[in-house]
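Please look over the model shown here before reading on.

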Amino acid sequence: MLKFCTCVNFRTESSDEERRRDSPARKLERQKELIKEAQNVPLSPSSRSQRQDYQDDRLINLDAGDPTMFETYWKRMGKKATVVIQGWRSMSYYSGGQSLCWFLEPELCQQILRLHRVVGNAVTEGRYIVVGTGSSQLILASLYALSSPDSPQPTPVVSAVPYYSSYPSVSEFLRSNLFQWGGDAATYKEDEDGHNPYIEMVTSPNNPDGSIRAPVVNRSGGKVVHDLAYYWPHYTPITAPANHDLALFTASKCTGHAGSRIGWALVKDPAVASRMVKFIELNTIGVSKDSQLRTARILSVVSDSCEQAFTSECSESFYGFGHRLMTERWRRLRQAVKHGGMFSLPEFPSAHCNFLRRPTESRPAFAWLKCEGDEEDCASLLRRHKIVGRSGVNFGCSAKFVRISMVDRDDNFDLLVQRISKITLPTS
């Protein structure tokens with residue numbers, strides 16, 4: 001009988017030299033170093049001497065949400081976040097657990113459940129975990145699982161504008177007879193019988209504009225996929241555990257480890273979970289064991305930091321660090337936008353964050369800039385100032401909008417703020 005998730009402990013074998021480095025005296029010394037480093041992490045613009053040897057007029061590419069700003073934190077973690085995998089380990093296609101998802105590593109399953117419990121951002125009871133190669137593969141697996149193979153026409157995939165720019169291309173890329181892109185959820189119209197199926201993608205907080213979203217269509221015959229990549233305390237207040245039939249998460253935005261390509265789905269219906277597993281089986285015959293084990297260690301370090309925050313073990317949690325950094329970045333960007341006068345930014349309401357235990361505002365991973373005045377192509381305007389962003393057209397909106405990443409390295413963000421502050425609204 002398949003279980004929701006059966007987890008076992010995973011241990012790496014340590015050499016004599018590693019055990020000496022991990023002695024109690026060395027651990028105490030390292031803890032003191034971490035506390036000192038945490039208190040001295042700069043939030044102000046990095047000095048010219050701290051930057052890489054770049055010219056100030058270089059092009060900065062903020063089109064993608066490459067979360068490299070978290071490198072500072074993970075460099076501080078050192079061996080805590082390091083995994084050594086012996087050459088003989090994880091050679092099989094299969095994992096040792098008894099999960100419905102036969103390629104899910106038990107240690108990753110355990111750490112996913114633990115992190116959601118610590119943060120309080122998702123209900124995991126009665127859910128099956130399906131691991132994927134990033135949330136991109138899981139989106140396709142979800143569409144495959146929720147489509148009706150007996151339908152005479154492909155199931156429409158819809159999302160409210162502005163929607164994540166990859167939804168149309170992901171829906172159309174395979175030219176599948178199971179599903180196809182159906183456009184803006186707000187303007188979606190049913191067939192005359194009023195009972196045709198659809199799949200609505202709901203991203204909350206939303207990419208690109210950071211707004212909190214709920215389903216728009218709400219009609220019979222529809223299925224909803226909740227993309228919760230950004231529902232973490234460094235981006236938005238955690239107001240309640242998300243309780244959905246199908247929710248997607250990714251390590252890329254959860255911890256910053258985009259290169260590991262690990263995402264997971266929390267799925268209520270075992271039949272849907274089984275179809276998602278089948279898609280991944282046919283697509284990639286499972287998910288990299290090495291990436292799963294690395295991600296399990298990373299999630300463990302994050303959970304430890306949350307449980308030990310403000311103790312002698314850890315002066316600041318990972319999400320405390322991220323919240324502090326994102327708050328400062330948004331303060332600086334709003335100041336630059338106000339100074340230049342050419343752009344405007346969305347405002348976000350304050351809400352009580354159960355994780356941080358205080359009211360906070362959203363600090364999205366992307367800034368959704370709008371050009372004011374007569375400028376009609378915001379992305380082209382930024383390009384003339386050597387800033388690459390993603391045009392609002394890609395999100396179903398006007399070209400007066402552009403999305404720029406807020407999670408790049410310090411030197412790129414410093415140049416962004418400098419350049420935005422110098423772009424002024426033309427006087428008539």
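**Notes on backbone, packing and surface**

1. Arg261 is partly exposed, with a relative accessible area of 34% (buried is under 20%, exposed over 50%, partly exposed in between; 1.4 Å probe, protein chains only). Arg261 has a positive phi, near 55 degrees, and is not a glycine. The residue sits in the loop between helix H7 (251-254) and strand S8 (263-267); helices (H or I, at least four residues) and strands (E, at least two) are DSSP runs, numbered from the N terminus.

2. This is a predicted model, in which local features need pLDDT of at least 70 and side-chain atom pairs count only at pLDDT 80 or more, while totals for chains, interfaces and linings use all residues. Residues are numbered from 1 along each chain as its sequence is written, and side-chain values use heavy atoms, with hydrogens and water left out.

3. Ile285 also has a positive phi, near 50 degrees. Its place is the loop between helix H8 (270-284) and helix H9 (289-308), and Ile285 is partly exposed at 46% relative accessible area. Most residues other than glycine have a negative phi, and most peptide bonds are trans.

4. Together with Tyr93 and Tyr94, Ile285 makes a nonpolar surface patch of about 380 Å². Patches are made of residues with over 30% relative accessible area and no salt bridge; like charges are joined within 9 Å and nonpolar side chains (Val, Leu, Ile, Met, Phe, Trp, Tyr) within 5 Å. A salt bridge is a side-chain nitrogen of Lys or Arg within 4 Å of a carboxyl oxygen of Asp or Glu. Accessible areas come from the Shrake-Rupley method with a 1.4 Å probe; for residues, only the protein chains shown count as cover.

5. Two cis peptide bonds deserve a check. One joins Val161 and Pro162, with omega about -5 degrees; Pro162 is in the loop between strand S3 (155-159) and helix H6 (166-173). A cis bond also joins Ser204 and Pro205, again with omega about -5 degrees, and Pro205 lies in the loop between strand S5 (198-203) and strand S6 (222-227).

6. How do helix H4 (residues 106-119) and H9 pack, and at what angle? The angle is about 25 degrees, with the axes 9 Å apart (axes are lines fitted to C-alpha atoms, for helices over the stretch in contact, and angles run from 0 to 180 degrees between N-to-C directions). That makes H4 roughly parallel to H9 (under 35 degrees; over 145 is roughly antiparallel, 65 to 115 roughly perpendicular, the rest oblique).

7. Asp414, in helix H12 (residues 410-422), is buried at 2% relative accessible area. Asp414 and Arg332 are 82 residues apart in sequence and 9.3 Å apart in space, C-alpha to C-alpha.
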